[in-house]
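Trainee: I would like to go through a ligand site with you. Can we put the model up and start with the contacts?

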Amino acid sequence: MSECLFCRLVKGDIPSDIIYENDDVIAFRDQNPQAPTHVLVIPRKHISTVNDLTAEDKNVVGEMLLAGKAVAAQDGIAEDGYRLILNCNEGAGQTVFHVHLHVLGGRVMNWPPG
Ligand code: AMP
Ligand code: ZN
């Protein structure tokens, strides 16, 4: 697990633009933003994919959603609207195998997503 990119970021071994954090999660700006606001919320604990979540992770999953909401308010996009996305496995476009919630907003979001 020491090789996990986002675990290294949690440890501070990789620089990141952290905009929100608490005991369970951190939120930082995506390095390749797909919208004016593109933030990733991750658990401090390593969990590879949504498929690996268990009942023990209920609290951290809740903290991820609440952090997404807080980030949207902080960036001033809460009222206009924003999207929260969890990509699970390659078929859905997951490239980093440490669970992360995308917070996207600041522009009109299309539906269905590509
Ligand atoms: P996904 O494709 O859902 O796995 O999303 C992974 C996201 O992580 C992509 O949007 C990347 O741009 C982003 N990303 C990868 N490495 C970093 C990094 N070091 N700092 C910030 N964002 C990153
Ligand atoms: Zn990890």
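Trainee: Which residue has a polar backbone atom 2.6 Å from an oxygen atom of ligand 1?
Mentor: A polar contact is a pair of N or O atoms within 3.5 Å; within protein, one must be able to donate a hydrogen and the other to accept it, and residues adjacent in sequence count only if both atoms are side-chain atoms. An oxygen atom of ligand 1 lies 3.1 Å from a polar backbone atom of Val-96. At 2.6 Å from a ligand oxygen, the polar backbone atom belongs to Thr-95.

Trainee: What should I know about the model and its numbering?
Mentor: The model is predicted: local features need pLDDT of at least 70, side-chain atom pairs count only at pLDDT 80 or more, and totals for chains, interfaces and linings use all residues. Residues are numbered from 1 along each chain as its sequence is written, chains are lettered from A and ligands numbered from 1 in the order written, and side-chain values use heavy atoms, with hydrogens and water left out.

Trainee: Where does a nitrogen atom of ligand 1 meet a backbone N or O atom?
Mentor: The separation is 3.1 Å. The backbone atom is in Gln-31.

Trainee: How much of the accessible area of ligand 1 does the protein cover?
Mentor: Accessible areas come from the Shrake-Rupley method with a 1.4 Å probe. On its own, ligand 1 has 500 Å². The protein covers 86%.

Trainee: How many residues surround ligand 1?
Mentor: Near means a heavy atom within 4 Å. The closest are Asp-30, Gly-93, Thr-95, His-100 and His-102. Helix 1 (5-11) and strand 2 (25-29) each supply at least two shell residues; helices (H or I, at least four residues) and strands (E, at least two) are DSSP runs, numbered from the N terminus. The shell count is 15.

Trainee: What is the volume of the largest pocket?
Mentor: On a 1 Å grid over the protein atoms alone, a pocket is an open set with protein on both sides within 12 Å along at least five of seven lines. Ligand 1 takes this space; a molecule sits in a pocket if more than half of its atoms lie within 2 Å of its grid points. A volume is the space filled by probe spheres set on the points, which are joined across faces, edges and corners. The value is about 840 Å³.

Trainee: How many residues line the largest pocket?
Mentor: Lining residues have an atom within 4 Å of a point. Among the closest to the pocket centre are Gln-34, His-38 and Leu-40. The lining holds 33 residues.

Trainee: How much space lies in the largest cavity?
Mentor: A cavity is a set of points where a 1.4 Å probe fits but cannot get out. Its lining includes Thr-49, Leu-86 and His-100. The space is about 30 Å³.

Trainee: Which residues does a cis peptide bond join?
Mentor: Most peptide bonds are trans. Here omega is about 0°. The pair is Trp-111 and Pro-112.
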